[in-house]
Amino acid sequence: MFAYYLDLALRSLRRNKALTALMVLAIALGIGASMTTLTVLHVLSGDPLPGRSGSLYYPQMDPRDMDGYKPQDDPPEQVTWIDGMALLHAKRARYQALMTGGAVPIQPANSAIDPFFEDARYTSADFFPMFDVPFLFGHGWNAADDGASAHVVVLSRKLNDKLFGGKDSTGQMLRVDDMAFRIVGVLDSWRPTPHFYDLYTGSYSSEEGVFVPLTTATDMKFTHNGSNDCWGKGQSDNMKTATCTWLQLWVQLDTPAEAAAYRKFLLNYSSEQKALGRFQRPPNVRLPDVMGWLDYNKVVPSDVHLQVWLAFGFLLVCLVNTVGLMLAKFLRRSGELGIRRALGASRRSLFAQLLTEAGVVGLVGGSGGLLLALLGLWLVRRQPSDYAALAYLDLPMLLATFAAAVVATLLAGLLPAWRACLIPPALQLKSN
Amino acid sequence: MQIRPILAALRRHRLATLLIAMEVALACAVLCNACFLVVQRWKLIQIHSGVDESALAVLTVNGFDPSQAADVNARMLTGLRSIPGMQSVTVINQVPFGPQAGAAGVSHDPGSFKNTIGVVDFVLGGPGTYEALGLKLVEGRLPQADDYRPATNFAPPDAQVLVSRALADHAWPGESPLGKDFWCDKLHFRVMGVVDHLARAHPHDWGTQATEWTVFTPTLPGGSLAGTYLLRANPHDLPRVLHEARDAVAKIAPHVVLDQENSQTIGDLRADYFKSDRIMIDLLIGVIVTMLGVTALGIVGLASFWVQQRRRQIGIRRAIGATRTDILRYFQTENFLIVTGGIVLGMALAYALNLLLMQHYELPRLPVYYLPIGALVLWGLGQLAVLGPALRAAAVPPVVATRSV
């Protein structure tokens, strides 16, 4: 029966090409626009570390003085050196890493390459196992290297390709800011999206080229990029004692019980510091996980949300338009439908026939929509924003495009099909 | 033109009539709000930077030790000034639309952040920078030679400064800002003059009220004030002068690194800064045009169907004396009535949509005059769309009445 309906649908669609083309175009435009914006939203609000992000937490506390204190204030978004180091050495979590961003001058041994600045991450040993960073060659450094401010460095795959032509460079030396650093590891391609562990250097920026121990970077006074939030006596040359928050701390806690215990530990730590007089505000701690932290920082640009709204408004206009056109199409065939009814077809089978026709329009419209979405994403990728390069259609979104197109068209077909089924057969036969 | 028979006919096509009206209503709601968004963005990117954008460029170098700052400044100033066509080279810390260098919270009281004014941008400039920028003084006096003092931390500890009019109005509403004091922690500033406009480096980032909260601080080059240079040249010489300046850096100071991205004309920096807003404007206009097109095609589709369905009735009317114009007018009036219904509904929808957008995005209320403009556009669109089918209807010969279909 379905094959017969399909045949009828194709014949009918072929009969009035202009009207069919109009419907297909409306569906394709609406679906294309919606899927383009939805794909961008989907990419931007994705999980940076699927499967792991639920057990990674970002401890926050409030070490500030009472200047400008308001009880409902959120704690600062980063930690001070003193608190960060204290929590790092307390080792209350499975893994913990303290970090900040920066840029370092690289002086390649190969004189064909001019010295250049490379984005760097200054962090501690647990960074690599905690974020499950893949290594191409070698490995990360260990806690002893952190303690000794060792001159060791881990390179990104891209930088290793640039400096060493992609060969295993572990064990070789690299000159960074006039000092020799031993290369201990080379990462495989790794770009968590969003750049969740440090949103100050760009929510969707690519990964850093160089990783060095935080202790080494601080001793060598490498340039720090990111945010400094200071109070009291504020910034000084020695960032270790400055009353500024400028470091990000991440911890891995595998169970909710561990997370609850860690939160308690943070509260105790804050109370203790207040008793010592270092903290002045009442203890105010937070422990968001990765997705909670991304939500709190509203990483998805509001323009992207606005574009999704706009596209769906547009899709709605297109669908109402399709409903109208389909109504015209179905009612125009009142005579034919009347004859089928008179020959014994039930309303139900007429309805099924008309919806099959709607479904065909939906499928063709969906294919058109897919092409338009691919075109739209290509246009998005040509934008200057740092997330632009990520805008690709994945398989779930591709299937969603077709599903959305067919479902939307079937919904649009319901009303006209129902209306067309109400035609009394006798009247149609008589008028002819 | 009699409206009653049209209404009677429409009553027999309730569903189709309702659909066209709905379509017009949705189009009206989206049209008004999308146009409003376009205008808002447009205003945003029209921001007045207060400087002679067409004559200015910035050149940034880095990779030198702070102890070399004085030497780098001296080499760069001399070297760059020798480029033909260069009108002036001065030291500055930031320019509008370039990287932000000196944003800090300031307050009315020393050493405290209680009685705060807000976060302002400190534009530090060496001698000649004020003149090169082309700022317009509206009150007070210009910086003199002894106003230029060395910066210790990030700004001079005690400085006479120029503030923008926007900042003066915000910090001292209804008072003369001249001679007023303010502090950034322990650094003291006294207002000696007010400039008409001076935009922050990133005017977008600080809310629409604070786009021009800037303090021009005369500062002696050296220390932290080094590496960023303001070039001024005749607007049509500027691209060449900048190009030569960029090439000359390697010769002037071989040990520094030219910051490619931040060595551009202010015009280019501005275009880069507003690129995403321009894209958004283009996108919105694209959606508006496509949506109007789809709506018009929908009207054409339904109107053609009606014309075909009513061929016999049209024939009969023609046979009993109606002119072609009468038939044309009939379809035009019918369309006008349906679109009017849609617009009434659409105005309510437009307001509802605006309220929704206001909740989620920092948008003001939709001005009322958008509604009549939207209505006019849709009336025009409806009439244009129905013209073709209506002309075809008018061309139906009276003889159709005598034929059976």
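**Note on the predicted two-chain model**

1. In E11(B), B:Thr228 is the bridge partner of B:Thr60. The structure discussed here is a predicted model. Five bridges join E1(B) to E11(B), and the two strands run antiparallel.

2. Strand E1 of chain B, residues 56-62, is mostly covered, with six of its seven residues buried. E1(B) is also joined to E12(B), by two bridges and again in an antiparallel arrangement. Within that pairing, B:Val61 has B:Leu258 of E12(B) as its bridge partner.

3. These strands belong to an open sheet of four strands in chain B, ordered E2-E11-E1-E12, with antiparallel pairing. Strands E2 (86-91) and E12 (257-258) of chain B stand at the edges with a single partner strand each, so one side of each has no neighbour in the sheet. As background, strands of a sheet pair through backbone hydrogen bonds, in either a parallel or an antiparallel manner.

4. Strand E11 of chain B (residues 228-233) is joined to E2(B) by five bridges, and the two run antiparallel. Here B:Tyr229 in E11(B) stands opposite B:Val91. Helix H3 of chain B (residues 69-81) lies across E2 and E11 of chain B, and runs at about 170° to E2(B).

5. The contact between the chains draws 32 residues from chain B and 32 residues from chain A. On the side of chain B that touches chain A, helix H2 (14-45) and helix H8 (275-309) of chain B each supply at least two residues. H8(B) gives the largest share of that side, 15 residues. By class, the side of chain B that touches chain A comprises 21 nonpolar, seven polar and four charged residues.

6. In chain A, attention is drawn to helix H13 (residues 395-421). H13(A) has 27 residues and reaches 38 Å from its first C-alpha to its last, close to the 39 Å expected at 1.5 Å a residue.

7. A:Pro416 is itself one of the buried residues of H13(A). Others among them are A:Thr401, A:Ala404, A:Ala405, A:Ala408, A:Thr409, A:Ala412 and A:Gly413.

Definitions and conventions
Residues are numbered from 1 along each chain as its sequence is written. Chains are lettered from A and ligands numbered from 1 in the order in which they are written. This is a predicted model: local features need pLDDT of at least 70, side-chain atom pairs count only at pLDDT 80 or more; totals for chains, interfaces and linings use all residues. Two residues are in contact if their C-beta atoms, placed from the backbone, lie within 7 Å. Ala, Val, Leu, Ile, Met, Phe, Trp, Tyr, Cys and Pro count as nonpolar, Asp, Glu, Lys and Arg as charged, and the others, Gly among them, as polar. Two strands pair if DSSP finds at least two bridges between them. Axes are lines fitted to C-alpha atoms, for helices over the stretch in contact, and angles run from 0 to 180 degrees between N-to-C directions. The expected span of a helix is 1.5 Å times one less than its number of residues. A residue is buried if 20 or more other C-beta atoms lie within 10 Å of its own, exposed if 12 or fewer, and partly exposed in between; C-beta atoms are placed from the backbone.
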